[in-house]
Number of protein chains: 2
Amino acid sequence: MSLQKLIGSLQKHIALSAQEQELLSDFLVFKIIKKRQFLLHEGQIAREVAFVVSGCLRSYSIDQNGFEHILQFAPTGWWITDMYSFISQQQTHLTIDALMDTEVYLLSRENQLILFDKIPKLERYFRIVTENSLVGSRQRLIDNLSLTASQRYGIFCNTYPTLIHDIPQKLIAAYIGVTPEFLSKLKNGGAKTKKS
Amino acid sequence: MSLQKLIGSLQKHIALSAQEQELLSDFLVFKIIKKRQFLLHEGQIAREVAFVVSGCLRSYSIDQNGFEHILQFAPTGWWITDMYSFISQQQTHLTIDALMDTEVYLLSRENQLILFDKIPKLERYFRIVTENSLVGSRQRLIDNLSLTASQRYGIFCNTYPTLIHDIPQKLIAAYIGVTPEFLSKLKNGGAKTKKS
DNA sequence: CGGTCTCTTGACGGAGTTCAAAGCTAGTGG
DNA sequence: CCACTAGCTTTGAACTCCGTCAAGAGACCG
């Protein structure tokens, strides 16, 4: 059953008894999000964090000129939410939608905090997951400050090898921080040597 | 005593008994880092996380062209380390040094993990601190993808109002992601209208 | 097939960089 | 307390990377 994917992720960091797994599953909600459907819309409150069992979600913000900037892709095995809205229960500035039909388990912040008291090991698990997310976010910040668009594209290909051929190229551009036109020129016209 | 600053930060999120405070303090090391001295050098391992009691630290990476990119400033009340190296105990690519004489409490990863078992509330505290750091890091990523250098300078002034006049301008440039020359032009020559 | 969305390509423009030089500030030593 | 040096800031001109705008060429879906 698909719940095993989530349990498998947990077992990498903590050991849960059968009873604890049972208790946890009572707090989860299974949901299918069809391609192009939304899990979270700007202005709403992120009441839940989602664990992706299959498919792929993305979170992004829309700037004042209407351009999308992708914060995170979440393929199988990843957690995704707007952490700001999730922990403060204030309105989100992000949007989360599905790039393809996607199965998720949802855990509400309310239930998460209850579980932290009932099963302290779960608080440990999420502490570790959050630490790792912070490492990734900080690394991406450094990459954006230090590297050229071309180098960032290379890193994207290494980070999300399964996605490269499965999603529109304009989404990759919105992730690495360039326009779709420029990414296209990077991949094709790439060698723009001045003619001799 | 300066330990009260740290306890005060903890009490914002959790309640510690006198015994627990005592136990915690046995695991902390107080240290003074003079201006320009290093807390962490590229190639070392970040064995500790630091809580700043007074003064200010910064963490930064050096790119292949020798340019510094500042990830974080840590004035009074902030925690700082290289989270990647701290949790993996692998070699760091970051450097942490002091912008002025700075007092810190150091907590080693080893001791932190012991404390998480002895005082689960501390794991909660660091879970919350890490969640908040993640929110800040993700927001900065969005800002770097969406905003102009001028707008990012404005945000810096709001985020670190106490630092603006206390640190060299080139450090602000290295934080917002422009050259010192360009930041200078932003502040002065600012209105570069084409002559009529 | 037709329409919409995506990808490509090119000419032009602009935000930010590079390099260089000169003025300023601040720390250091006598 | 002054002098000297080293680093910081400013300013300018040339340049680069990447964005903008526009038009055409696929690619997907009903």
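**The surface near the DNA**

Mentor: Sorted by class, the surface near DNA strand C comprises five nonpolar, seven polar and five charged residues, where Ala, Val, Leu, Ile, Met, Phe, Trp, Tyr, Cys and Pro count as nonpolar, Asp, Glu, Lys and Arg as charged, and the others, Gly among them, as polar. Please keep in mind that this is a predicted model, in which local features need pLDDT of at least 70 and side-chain atom pairs count only at pLDDT 80 or more, while totals for chains, interfaces and linings use all residues. Residues are numbered from 1 along each chain as its sequence is written, and chains are lettered from A and ligands numbered from 1 in the order in which they are written.

Around DNA strand C there are 17 residues, among which Gln169(A), Lys170(A), Ser184(A), Asn188(A) and Phe182(B) come nearest; a residue is near a molecule or strand if its C-beta atom, placed from the backbone, lies within 6 Å of it. Two or more residues of this surface come from each of helix H7 (169–176) and H8 of chain A and helix H6 (149–159) and H8 of chain B, with helices (H or I, at least four residues) and strands (E, at least two) taken as DSSP runs and numbered from the N terminus. The most is given by H8(A), which contributes five residues to the surface near DNA strand C.

For DNA strand D, 16 residues form the surroundings, and the closest are Phe182(A), Gln169(B), Lys170(B), Ser184(B) and Asn188(B). At least two residues each are supplied here by helix H8 (180–187) of chain A and by helix H7 (169–176) and helix H8 (180–187) of chain B, and H8(B) holds the largest share of the surface near DNA strand D, five residues. Its classes are five nonpolar, six polar and five charged residues.

The relation between the chains comes next.

The contact between the chains takes 26 residues from chain B and 26 residues from chain A. On the side of chain B that touches chain A, strand S5 (68–75), helix H3 (83–88) and helix H5 (120–146) of chain B give two or more residues each, and H5(B) gives the most, with 18 residues. That side of chain B has eleven nonpolar, eight polar and seven charged residues.

Strand S5 of chain B also has a place in a sheet, for S4(B) and S5(B) pair in the antiparallel sense over seven bridges, a pair being two strands between which DSSP finds at least two bridges. These two strands form a hairpin with five residues between them, and Gly66(B) in the turn has a positive phi of about 85 degrees. Arg58(B) stands opposite Phe73(B) in S5(B), and Arg58(B) also stands opposite Asp97(B) in S7(B). Strand S4 (residues 56–62) of chain B is mostly covered, with six of its seven residues buried; buried requires 20 or more other C-beta atoms within 10 Å of the residue's own, all placed from the backbone, against 12 or fewer for exposed and partly exposed in between.

Within chain A, the domain assignment, which comes from an automatic or database source, gives domain 1 (3–129) and domain 2 (147–189). The centres of these two domains of chain A, taken over C-alpha atoms, are separated by 25 Å. Their contact takes seven residues from domain 1 of chain A and seven residues from domain 2 of chain A. On the side of domain 1 of chain A that touches domain 2 of chain A, strand S5 (residues 68–75) of chain A gives the most, with five residues, and that side divides into five nonpolar residues, one polar and one charged.

As for the chain as a whole, the C-alpha trace of chain A spans about 75 × 35 × 30 Å along its principal axes, and its secondary structure comes to eight helices and eight strands.

Technical notes
Two residues are in contact if their C-beta atoms, placed from the backbone, lie within 7 Å.
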